[in-house]
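This briefing is meant to be read next to the sequence and the 3D structure. Keep both in view and find each residue as it is named.

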Amino acid sequence: MKSKSLQDLQAMKKHLAERERLAREEAVRRAEAHKRSEAERDLFQRAAGKVERLREHGRVHHAPDPVAPIPAQRQLDDQRVLKEAISDEFDASTLLEVDDALSFRRPGVGIDVARKLRRGEWTIQSEIDLHGLRTDDAREALAAFLREAMRQGVRCVRVVHGKGLGSPGKTPVLKGKVHSWLVQKDEVLAFVQARGDEGGAGAVVVLLKPT
């Protein structure tokens with residue numbers, strides 16, 4: 001019984017001695033690591049020399065990113081497109097004067113305006129040829145053409161729609177569409193069928209509002 005107790009005591013002493021040895025080794029490693037850290041810090045300070053703390057007002061304050069502008073012009077353009085929309089279902093026949101050459105005058109426009117247009121007293125400043133285009137393409141092209149003409153301050157233009165000789169049944173489908181579209185455009189004051197030397201039944205001469 002005493003022999004076993006003596007063995008246990010010796011084993012405990014051995015265990016404690018091992019722990020003390022490990023603790024001393026760990027302390028030595030920490031001391032060496034601290035010494036190396038101090039040496040590196042001293043080396044940097046010697047290399048950098050004397051330094052001074054920056055004053056507070058020396059800091060750079062970056063302005064915040066500007067707020068993205070509201071696309072006002074795009075909104076105006078979208079509103080203008082909606083306003084300029086023209087329908088294929090609009091029947092302009094009741095608004096056209098029935099004579100040897102169909103013509104249109106917006107209310108308030110004198111009859112002499114149409115007469116001057118028919119006689120060629122207004123100089124044609126620009127023209128567009130829609131002949132051969134599909135209905136959708138012709139409608140969009142005409143709207144863009146009138147918009148550009150107004151932007152440039154053009155007053156008198158010619159729109160060529162063709163006589164429909166190549167259409168099924170020889171029916172001038174595009175001619176009626178063009179009349180309908182022009183009547184729906186507020187910037188159009190009047191239009192008349194072109195004279196023979198200007199396209200005759202295959203074109204109209206249009207008078208636009210002054211800008």
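Arg158 is buried, with a relative accessible area of 17%; buried means under 20% relative accessible area, exposed means over 50%, and partly exposed lies in between (1.4 Å probe, protein chains only). The model is predicted, so local features need pLDDT of at least 70 and side-chain atom pairs count only at pLDDT 80 or more, while totals for chains, interfaces and linings use all residues. Residues are numbered from 1 along each chain as its sequence is written, and side-chain values use heavy atoms, with hydrogens and water left out.

**The chain as a whole**

- The chain has five helices and five strands; helices (H or I, at least four residues) and strands (E, at least two) are DSSP runs, numbered from the N terminus.
- Read from the N terminus, the order of elements is α-α-β-α-β-α-β-α-β-β.
- The chain has 211 residues, of which 27% count as buried.
- Among contacts (heavy atoms within 4.5 Å) between residues at least 6 apart in sequence, 66% join residues at least 24 apart.

**Salt bridges**

- The whole structure holds twelve salt bridges. A salt bridge is a side-chain nitrogen of Lys or Arg within 4 Å of a carboxyl oxygen of Asp or Glu.
- One of them joins the side chains of Arg158 and Glu127, at 2.2 Å from N to O. Arg158 belongs to strand β3 (residues 156–160) and Glu127 to strand β2 (residues 126–129), so this pair ties together parts that are 31 residues apart in sequence.
- Glu127 is partly exposed, at 41% relative accessible area, whereas Arg158 is buried.
- Arg134 forms a salt bridge with Asp137, and their closest N and O atoms are 3.3 Å apart. Arg134 counts as exposed at 63% relative accessibility, while Asp137 counts as partly exposed at 32%.
- Glu148 and Arg151 also form a salt bridge, with 2.6 Å between the closest N and O atoms. Both residues lie in helix α4 (residues 135–152), three residues apart, which is about one turn of the helix.
- An α-helix has 3.6 residues a turn, so residues three or four places apart point the same way.
- Glu148 is partly exposed at 31% relative accessibility, and Arg151 is exposed at 62%.

- Five strands form an open sheet in the order β1-β4-β5-β3-β2, with mixed pairing. Two strands pair if DSSP finds at least two bridges between them.
- β1 and β2 are the edge strands, each pairing on one side only.
- From one strand to the next, the twist averages 20 degrees. Axes are lines fitted to C-alpha atoms, for helices over the stretch in contact, and angles run from 0 to 180 degrees between N-to-C directions.
- β1 pairs with β4 in the antiparallel sense, over three bridges. Ala190 in β4 is the bridge partner of Arg105.

**Helices and the sheet**

- Helix α3 (residues 111–119) lies across β1, β3, β4 and β5, and runs at about 45 degrees to β4.
- Helix α4 packs on the sheet, where it touches β2, β3, β4 and β5; its direction makes about 170 degrees with that of β2.
- Helix α5 (residues 173–184) has twelve residues and reaches 17 Å from its first C-alpha to its last, close to the 16 Å expected. The expected span is 1.5 Å times one less than the number of residues.
- Buried residues of α5 include Leu174, Val178, Trp181 and Leu182. The cover over the buried residues of α5 includes β1 (103–105), α4, β3, β4 (188–193) and β5 (203–208).

**Val159**

- Val159 is found in strand β3 and is buried, with a relative accessible area of 0%.
- Not counting residues up to four places away in sequence, Val159 touches Ile128, Leu130, Leu142, Val178, Gly202, Ala203, Val204 and Val206.
- Val159 and Val204 are 45 residues apart along the chain, yet 5.4 Å separates their C-alpha atoms.
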